[in-house]
Amino acid sequence: MNFSNEDTSRIIEMAWEDRTPFEAIRENYGLNETSLIKFMRRQLKPSSFKLWRARVSGRATKHSKLRSGNVLRAYCPTQYKRG
């Protein structure tokens, strides 16, 4: 898939966010977890890719079925500061 620079940037941002599940990325951009891993491998430097994989591997909040029912939002309330 070819994405615009804006979409590529947003996909990478969503992939790094702890509270954004893989399912949200699939719904918005059509990338399942396997495709997202391949996408991230192409887009990131090898060291950044390794850091990202270590961060998301086994993280319950990245999988809708594993996350707590108490998690009702996709981001931390302080993540997007309103001016």
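In the predicted model, the face of helix 4 that is turned away from its buried side carries four exposed residues, namely Pro46, Lys50, Leu51 and Ala54. Helix 4 runs over residues 46-56, and its buried residues are Phe49, Trp52 and Val56. Viewed down the axis of helix 4, these buried residues fall within an arc of 65 degrees, so they line one face of the helix. An α-helix has 3.6 residues a turn, so residues three or four places apart point the same way.

The buried residues of helix 4 are covered by other parts of the chain. The cover includes helix 1 (5-16), helix 2 (22-29) and helix 3 (33-43). Just after helix 4, Gly58 takes a positive phi of about 75 degrees.

The loop between helix 1 and helix 2 was examined next. Thr20 is placed in this loop, and Glu17 also lies there. The side chains of Thr20 and Glu17 are joined by a polar contact of 2.5 Å. A polar contact of 3.4 Å also joins the side chain of Glu17 to that of Arg10.

For the protein chain as a whole, four helices and zero strands are found. Read along the sequence, the elements follow the pattern α-α-α-α. The protein chain has 83 residues, and 29% of them count as buried. Its accessible surface comes to about 5,900 Å², and carbon and sulfur atoms account for 49% of that area. Contacts were also considered by the separation of their residues along the sequence. Among contacts in the protein chain with a separation of 6 or more, 62% are between residues 24 or more positions apart.

Definitions and conventions: Residues numbered from 1 in each chain as written. Predicted model: local features only at pLDDT ≥ 70, side-chain atom pairs only at ≥ 80, totals over all residues. Heavy atoms only, no water. Helix = DSSP H or I, 4+ residues; strand = E, 2+ residues; numbered from the N terminus. Buried < 20%, exposed > 50% of the residue type's maximum accessible area, 1.4 Å probe, protein only. Contact = heavy atoms within 4.5 Å. Areas by Shrake-Rupley, 256 points an atom, 1.4 Å probe, with all protein chains shown as cover. Arc of directions from axis to C-beta. Polar contact = N/O pair within 3.5 Å; in protein donor to acceptor, adjacent residues only side chain to side chain.
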